[in-house]
Amino acid sequence: MGTNKTILMKGIRYLSGALPLFFLGPVVIHSSFKNQGHPMFIPVLGLGIITCITGMLLMFLGIKTIMKSLFDQ
C-alpha cells in the first residue's frame, strides 16, 4: 500500500493555504469589533467571517485529500 505523492502534495498545499487564514480571520474580526462606530464595520466583519470560513474549508479539504492519498487504492 503506497502513498500517492501528487495527491499528498495537493493536500499539503491546501493546508498551507489554510494556515495564514486561521491567523488573518480572527485579526480582521477583532479589528472590526474594535471599530464598531465606523461605517465600514459590517463589511469588515463580513470579510473576517468569510476568511475564517474559507480557512476551515481549506483545512477540511486538505485533511480529506491527505487521507485520500494515504488510504485510497
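**View 1. Gly55, a buried glycine in helix H2.**
In this predicted model, Gly55 has a relative accessible area of 0%, so it counts as buried. The residue sits in helix H2. Gly25 is itself one of the buried residues of helix H1.

**View 2. Helix H2 and its buried residues.**
Now for the helix that holds Gly55. H2 covers residues 41–71, which is 31 residues. From first C-alpha to last, H2 reaches 45 Å, close to the 45 Å expected at 1.5 Å a residue.

**View 3. Helix H1, the partner of H2.**
The 30 residues of H1 should span 44 Å at 1.5 Å a residue, and the end C-alpha atoms are 45 Å apart, so the two figures agree. Which residues of H1 are buried? The list runs Leu8, Gly11, Ala18, Leu21, Gly25, Val28, Ile29 and Ser32. These buried residues pack against H2.

**View 4. Where H1 and H2 cross.**
The two helix axes come within 7 Å and cross at roughly 160°. An angle over 145 degrees counts as roughly antiparallel, which is why H1 is described that way relative to H2. The crossing is left-handed. What kinds of residues make up the contact of H1 with H2? They divide into 24 nonpolar, 11 polar and 1 charged.

**View 5. Thr65, a buried threonine in H2.**
Thr65 is found in helix H2. With 13% relative accessibility, Thr65 counts as buried, because the cut-off is under 20%. Not counting residues up to four places away in sequence, Thr65 touches Ile7, Lys10, Gly11 and Tyr14. Gly11 is among the buried residues of H1. How far is Thr65 from Asn35? The pair are 30 residues apart in sequence and 39 Å apart in space, C-alpha to C-alpha.

Setting aside neighbours within four places in sequence, Ser69 is in contact with Gly2, Thr3, Asn4, Ile7 and Leu8. Ile7 turned up in the previous view as a residue touched by Thr65, and Leu8 is one of the buried residues of H1.

**View 6. Val27, an exposed residue in H1.**
For a sense of scale, Val27 and Arg13 are 14 residues apart in sequence and 23 Å apart in space, C-alpha to C-alpha.

**View 7. Pro39, in the loop between H1 and H2.**
The last stop is the loop that lies between H1 and H2, where you'll find Pro39. Pro39 has 72% relative accessibility and so counts as exposed. Pro39 and Ile50 are 11 residues apart in sequence, and their C-alpha atoms are 19 Å apart in space.

How values were computed. Residues are numbered from 1 along each chain as its sequence is written. This is a predicted model: local features need pLDDT of at least 70, side-chain atom pairs count only at pLDDT 80 or more; totals for chains, interfaces and linings use all residues. Side-chain values use heavy atoms; hydrogens and water are left out. Helices (H or I, at least four residues) and strands (E, at least two) are DSSP runs, numbered from the N terminus. The expected span of a helix is 1.5 Å times one less than its number of residues. Buried means under 20% relative accessible area, exposed over 50%, partly exposed in between (1.4 Å probe, protein chains only). Axes are lines fitted to C-alpha atoms, for helices over the stretch in contact, and angles run from 0 to 180 degrees between N-to-C directions. Angles under 35 degrees count as roughly parallel, over 145 as roughly antiparallel, 65 to 115 as roughly perpendicular and the rest as oblique. A crossing is left-handed if the near helix is turned anticlockwise from the far one by less than a right angle, and right-handed if clockwise. Ala, Val, Leu, Ile, Met, Phe, Trp, Tyr, Cys and Pro count as nonpolar, Asp, Glu, Lys and Arg as charged, and the others, Gly among them, as polar. Contact means heavy atoms within 4.5 Å.
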